[in-house]
Amino acid sequence: MSSTPRKRPNLRPEPQFRSKVISPSIMEPPGYLFPPRNELFRLLVVVGIASSVAFTCNLLANYFSPTSPPPFCDSSNMGSTDDFLLSDVCEPCPMNGECQGGKLVCDDGYRRNGNLCLEDGESNERAKKLAELVESYVCESYAQFSCYGQGRIWVPENEMWEDVKHQVVQIFHSDDASYIYAKNKAMEIIDRSLEKKTNPEGITELKCPSDLAERYKPVSCRVQQWIFEHAFVILPVCAMVIALTWLVGKIRQRCYLSTRGEELYHQVCDMLEEIAFEGKRESGEFEPWVVASQLRDHLLLPKERKNPLLWKKVEELVQEDSRIDRYPKLVKGESKVVWEWQVEGSLNSAGKRTKNATVTKLRSNGSTEVHPDKQTQTSKSGQKLGMMF
């Protein structure tokens, strides 16, 4: 029995999808989906005009019929469990404000800014001025007590407000509401700078700290206190300065008396010598002596006559000079002390006589005339002094 061979089945699966070539015409959108290009520009223009008209109409409608803002919620209703329902129909009342009947009224010292109540800068400035006024009053009272024993350390608050009342009126005029707020605000500032206590009578008293009161003391008081605090150092220094000044003055006066006295002494010697020489040469026509007091008044300046030590220095130098004689003499019925130069023992007189003899000899020989200007001037002055004294 012959067997017929069977074909082996093909187990290879046939591909379910075959690659297909997509035609370009299938990817292009249909022509009816977009308008033509010439109509597209017209469409954009129409849309723009319509949008402008709609925006303008909306703006005009809002301008001529504005929507009123929601009223403020009453302050008495805020804080309850129905706050979330009230917030949809009314505006919550802000802090530092009071809302009644849908209206907002800000507290004293605050000013409305939109839906908020902000601090009023002008009221705060007034409160600062009022605090400075109170501080100045209390600290000046303490300073007066420290310097001169006047004023008080603890100042009653009621008396303080009564004393500064006229100055408060200048700041607040007649605005009572603003004054109450500023007064409370000022007291808050004062509590941080001044000390406060309540006396047994229940009255509040204020006191300025010691370091703060130093700023209000007058300059004279500060200087006086500084001197008292440093007296143990200032007194020795002042004594040394005074002693040094006195010593320098004495040294300067002694130097002046010595220099000026020697200058006057030389003038006295020259004048006495010249007067004595001229009196000797004129054979008694002029007196060879000079009254000391008249010579003093002739040589000293008016302001130098008030200093008796200056002429006393000259008298001491004259007393030590052996060429000058001092003796009393009756002049016009009065006893005067006169000074006279000793001509015989004078070297200067011998030199003058030799010089005059030489000049006479030259004149007698017919030589050129010599004019001793200095000798002539001295002779003339000697004659004048002889006539004066």
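## Secondary structure and overall burial

Helices, as H or I runs of at least four residues, and strands, as E runs of at least two, are DSSP runs numbered from the N terminus. On that basis the protein chain of this predicted model has 14 helices and 10 strands.

Of the 389 residues in the protein chain, 27% count as buried. Among the contacts in the chain with a separation of 6 or more, 57% are accounted for by residues 24 or more positions apart.

## The largest nonpolar core

In soluble globular proteins, nonpolar side chains tend to be buried together. Here the largest nonpolar core has 23 residues, and those with the most contacts inside it are Leu130, Val134, Val138, Met160, Trp161, Leu194 and Cys208. At least two residues of this core are supplied by each of α4, α5 (157-163), α6 (165-172), α7 (176-193) and α8 (210-213), and the largest share, eight residues, comes from α4.

Once its neighbours within four places in sequence are left aside, Met160 is in contact with Val134, Tyr137, Val138, Val155 and Leu206. Another core, which lies apart from the largest one, has 22 residues, among them Leu264, Cys269, Ala276 and Val318.

## Helix α4 against helix α9

Helix α4 (residues 121-148) and helix α9 (residues 219-229) have axes that come within 10 Å and cross at roughly 45°. Because an angle under 35 degrees would count as roughly parallel and one from 65 to 115 as roughly perpendicular, α4 and α9 are oblique to each other. The crossing in which α4 passes α9 is left-handed.

On the α4 side the contact involves Ser146, Cys147 and Tyr148, which meet Ser220, Cys221 and Gln225 in α9. Sorted by class, the residues of this contact are three nonpolar and three polar, with no charged residues.

## Helix α10 against helix α11

The axes of helix α10 (residues 231-281) and helix α11 (residues 292-299) come within 11 Å and cross at roughly 120°, which makes α10 oblique to α11. In this case the crossing in which α10 passes α11 is right-handed.

The residues that α10 brings to this contact are Arg260, Leu264, Gln267, Val268 and Met271, and they meet Leu295, His298 and Leu299 in α11. By class, the contact of α10 with α11 divides into five nonpolar residues, two polar and one charged.

Terms used
Residues numbered from 1 in each chain as written. Predicted model: local features only at pLDDT ≥ 70, side-chain atom pairs only at ≥ 80, totals over all residues. Heavy atoms only, no water. Axes fitted to C-alpha atoms, helices over the stretch in contact; angles between N-to-C directions. Parallel < 35°, antiparallel > 145°, perpendicular 65-115°, else oblique. Left-handed = near helix turned anticlockwise from the far one by under 90°. Contact = heavy atoms within 4.5 Å. Nonpolar A, V, L, I, M, F, W, Y, C, P; charged D, E, K, R; others polar. Core = buried A, V, L, I, M, F, W, Y, C linked by side-chain atoms within 4.5 Å. Buried < 20%, exposed > 50% of the residue type's maximum accessible area, 1.4 Å probe, protein only.
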